[in-house]
Amino acid sequence: MKLFGQPRGLIRSAVIACAVAVTVAPISRALNMGDGNATTLPAGIAPAATAPAATQQVSGSLQATVVDVSGNVQVRAGDDKPWQPVKVGMVVDEGAEFRTGPRSSVRCTIPPDQSFTLDRLGTVKVAQALRKGDRLKTELMMKYGRTNYSVEAAGLEHESTIASPSGTLAVRGTVISLYDQPPYAPAATSFTGLAMFRDVKRQTSVGSKNGGTQTVAGNNASAADTALENSVTDPRFNNARTPADQALIAQESSRGAVVSFDPLAQITVVRGGSPITNDAQLVQTLPGKLNFVARWFSNSNVNLEVFADIRDPLTALFDPKGFQPTEFLYPGYGLNNTKSGGHIAFDHRGGPNGGTEIAYWTNPPKAAVFGLGALLISGPSVELKLQAYLDGQKQSIFYVDNKGNFVKTKTLDVTLTQASLIGGPIIFIPAVPILEDTTPTVGDSNANPTSRKPKHQRALASGNPLPTVPPPTNGGNPASSGNSGSLKANNAAAKAAGGLATPQTRGR
Amino acid sequence: MPFALLAALAFAGCQSTHVAKTLPANLYANDGDAQMEFWHSLADAKVTSNDEAFHAILLYVDQKDPATDYTGRVKALKSRQLIPAQFDRPADEAVTRGTLAVAVCHILKMRGGVMMTVLGPTPRYATRELVYEGVYPPSSEQQTFSGTEFVGVIGKLDDLQNGVKPPVTNRLKE
């Protein structure tokens, strides 16, 4: 169907059907067009009426009255009539067409209770304005631009339509706006009341009875999707981040990292820079109260994983089913936030000097058991350093070493291969005294990263000396501070722990 | 020979679009009627030419176009840095989104990101900035605009500068 004489194009007319019961006594003006009142305007357009007619019209055509004009606005009585400037008070018949320029708008009322506003750079035609008894039928045709339409009060029954090139809006409410302007997706807004928006793909509701403003865009499935799309703040901007994230990402940037955003993974991405090698310096930069830190020092992309079993560690310790994580933190894909407040601010994708990833809680659970994992996303095998900090103090990381011993360390050094690391290291918050006292320590035993103790110092529990693993040699890795052996799969569970999950490597 | 033909076809495909029939000269006048006719005739055009786009920019910014020809418009826009200083395309060539993006970024006073701040609003980065801000649909700087799309972008510019007016109705005052 051609619209306004459009020569071609796949234009479908969109219809807004309004069904509102109105019970207002009709008052309509019966203006004589071309009746010799010395008007020079073409037929169909009349100046402001000075003698309002008091005739009650049961049926017949209605007219639109211009009540507000802003900027450059023109009207013509028909397709073959010349354009005239619009003035306030002007009355137009069916078939009249308005058009606006930049920074312009026109508002008209159609008695007894309808009004429409054509916004800047648009056209709208009053194709039909009829009254048949208690039923009012109005049809507006908008070629492009933005038109607001409203019915002021309940009363007579209305059947009103706004045609535009795309979509269909069935109005159950009374105040709507339709925007249809290439190259943008059409949008229907309900300011009050319920509307149904239908296009070639689907039908969806927008607004609600006595509800507030809602908008559905043509490229979204629903008003909720439109609102969600419009409410997303880009975390590339500093002001869109939490203070903790701001500081953390600023530190990365200060060390030469480049910050971007992965819209697919929906997470800030950091590349390059240099991880902090000194633990004392690292503590100063930690964003949360509880922090799990993964650092690597060569060009690979590593993803930190944190599993959380939110319950008392002793309960988990003696649970026959062992470690049962209820939360999972991963850098991206909506998994970088957990219900208990866990957060990963960014996905560090490596660089020549390695990278850092931190999973942190600002207000951590009072008691929980955490499992650490790591995925080697790309790049060669890498020496990975894992630590857990609570209030700036390193926490013990329990694991089963390659000899099958259940041990603990304050810094876990792992050679991360394509086999990755999952379900291995465990951290208890708060610390379990019996485990702390009875589990042998390997490698880093220094809980306080600010003190300068020799790396080879062993922690001895009070009383009987405990069996310990001899300190490994430093394999040239400046960050290595403990056992750098890789964990093997399917080692026996630590008997002292009574059935906790066994660290296992994961095939890919 | 076949290779020469293929090469010729390839080069022909690389040629930029030219507008076969631009708007008549009488629409470039500055009176209100001519301006209205210009905007709404442009909305019916299949492609927007450089001349039409520059006239539209001057109308939007100054509500009038004092230039009498395309050369004058180019000079006026260059003097205000609304188009790149090295711009030298013909009047009937389709305007690129990148060229228009430079003008829009200046009008909206957009600073942009690092590259745009360092290099200035080049067509490439101005386009990217406008796409990011939602002024442009996803675009590359080499694309062009149809007439109705161009008018839509000017309308969006108007919305950003002057705001979108809500409907005036007693229902919303309840």
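Start with B:F38: leaving out residues up to four places away in sequence, B:F38 touches B:L23, B:L27, B:Y28, B:E52, B:H55, B:A56 and B:L59. Touching, or contact, means heavy atoms within 4.5 Å.

This is a predicted model, where local features need pLDDT of at least 70, side-chain atom pairs count only at pLDDT 80 or more, and totals for chains, interfaces and linings use all residues. Residues are numbered from 1 along each chain as its sequence is written, chains are lettered from A and ligands numbered from 1 in the order in which they are written, and side-chain values use heavy atoms, without hydrogens and water.

B:F38 also turns up in the largest nonpolar core, which has 47 residues; B:F38, B:W39 and B:F54 touch the most other members. A nonpolar core is a set of buried Ala, Val, Leu, Ile, Met, Phe, Trp, Tyr and Cys residues joined through side-chain atoms within 4.5 Å. Helix 5 (97-108) of chain B is one of the helices that supply at least two residues, and helix 5 of chain B gives the most, with eight residues. Helices are DSSP runs (H or I, at least four residues), numbered from the N terminus. Apart from this core lies another of 31 residues, including A:V306 and A:L390.

Now for two residues and how covered they are. Buried means under 20% relative accessible area, exposed over 50%, partly exposed in between (1.4 Å probe, protein chains only).

| Residue | Relative accessible area | State |
|---|---|---|
| A:D444 | 9% | buried |
| B:L119 | 48% | partly exposed |

A:D444 sits in the segment after helix 5 (433-438) of chain A, while B:L119 lies in helix 6 (residues 114-119) of chain B.
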